[in-house]
Protein chains: 2
Amino acid sequence: MGRTSDAKEKILNAAHSLIELRGYSALGVAEICKAADVPKGSFYYFFESKEALALAVLDEHWHTQRGEWARALEGDAEPLSRLRRLFEQTQAGLRAGQQSCGTVSGCMFGNLTLELSNQTEPIRARLQQIFDAQVEMVDTVIAEARERGEVTAGDTRDAARSVVAQLEGQVLFAKLYNNTQHLEALWENCLALLSARPTGMAAVRSSGPT
Amino acid sequence: MGRTSDAKEKILNAAHSLIELRGYSALGVAEICKAADVPKGSFYYFFESKEALALAVLDEHWHTQRGEWARALEGDAEPLSRLRRLFEQTQAGLRAGQQSCGTVSGCMFGNLTLELSNQTEPIRARLQQIFDAQVEMVDTVIAEARERGEVTAGDTRDAARSVVAQLEGQVLFAKLYNNTQHLEALWENCLALLSARPTGMAAVRSSGPT
């Protein structure tokens, strides 16, 4: 096997699972290689350091998640329904992870932000780009809802950041209590944060599962 | 020096600073003892493990922070003004920390929740108790505001959890961007999450610094 792209994929997959379970600092390169079933020499052929590997894991995870966010937030449905879809999708994803590994692993980007952002500037910069992109995606939907007169949020960028902050905070609680029900508050909280108009929202409020 | 309570205090202080800067997993007992300037034997005289030390650091930090939260949230001022005081105090504390060490270290409880709650059950349980207590303190103030007809939040416990979630989410952004200005959104977001009544809130909205 050794120096093949298969080995690189194995290292990335093993690192992704281990970082999700135990964070970054607790891991050593030897442990990652053992879990990936590749010799240590392969690691340094593909990655110059553990930090370089973490950046590759972040990129790959965001590549996947950005697709999921786009599927939730884009399309022909009403803008606020799409935001709701993002929350439901996030909750479903965390619940599926909990069922397969026994615990809610939370958001890898939030986890690494609180564990690492003060320790490595390249990882901080990458996480900033990822959260900027998330806020941008939510902002686009909020701006659309505002154009339709459905929300009154003054600065849609600030509102989007507050919505993502609420998401990260509730995911933190879901992880802490190993309970995804905390995410059920997201939809009503989002409407409140956006100063959504009760009249305009009546249909959306009752359109999804309760 | 050795086995004196002075040595215990030194270990706790060193561990507190190191955990705040670099989290838990990245630290070794030898490094903590070196920073505390105590022999390694002293460590195991006072603490049976690094986990036991982390629990002691959490307890001490919460003892201090609970006092600060009580000073903000209790007293004769109007209930919502006291909530606002908590946000301002949190922002001022993070700003002071940033000025002294160059970076926003964030919330130690949030940091350790995302780094550790899935790895050690005793630390998860202690962090649950601490966040439960925070939510309880905020709940008490919200219930008081509701009795005065100033907020319309249905379930004050859920509302309190959403307010603390928003706080943790914005502190995450403050740490990520090393910028405490993100916390300025907390007050308006709190009013939105509590469905505070605009008329009742006019005085409070304009009573503090902008």
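**Domain and chain interfaces**

Visitor: How much area do domain 1 of chain A and domain 2 of chain A bury between them?

Guide: Of the area that domain 1 and domain 2 of chain A bury between them, 68% is on carbon and sulfur atoms; buried area is the accessible area (1.4 Å probe) that two parts lose on being put together, summed over both. In this predicted model, the total for the two domains of chain A is about 1,300 Å².

Visitor: Into which domains is chain A divided?

Guide: The model is predicted, so local features need pLDDT of at least 70 and side-chain atom pairs count only at pLDDT 80 or more, while totals for chains, interfaces and linings use all residues; side-chain values use heavy atoms, without hydrogens and water. Residues are numbered from 1 along each chain as its sequence is written, and chains are lettered from A and ligands numbered from 1 in the order in which they are written. Domain bounds come from an automatic or database domain assignment, which divides chain A into domain 1 (1-47) and domain 2 (51-207).

Visitor: Which element gives the largest share of the side of domain 1 of chain A that touches domain 2 of chain A?

Guide: Helices (H or I, at least four residues) and strands (E, at least two) are DSSP runs, numbered from the N terminus. Chain A has ten helices and zero strands. On the side of domain 1 of chain A that touches domain 2, the largest share is eight residues, and they come from helix α1 (residues 5-22) of chain A.

Visitor: What relation do chain A and chain B have?

Guide: A rotation of 180° with 0.0 Å of shift along its axis superposes chain A on chain B, with an RMSD of 0.0 Å; the copies are superposed by least squares on the C-alpha atoms of residues with pLDDT of at least 70 in both. The relation is therefore that of a two-fold axis.

Visitor: How many residues of chain A are in contact with chain B?

Guide: Contact means heavy atoms within 4.5 Å. The area buried between chain A and chain B is about 3,500 Å², and A:Leu114, A:Asn118 and A:Leu176 lose the most area in chain A, together 19% of what that side buries. Chain B contributes 40 residues to the contact, and the number from chain A is 40.

Visitor: Which element gives the most to the side of chain A that touches chain B?

Guide: The rule finds 23 residue pairs in polar contact across the interface of chain A and chain B. Elements that give two or more residues to the side of chain A include α6 (108-116), α7 (121-147) and α8 (156-176). With twelve residues, the element that gives the most is α8(A).

Technical notes:
Polar contact = N/O pair within 3.5 Å; in protein donor to acceptor, adjacent residues only side chain to side chain.
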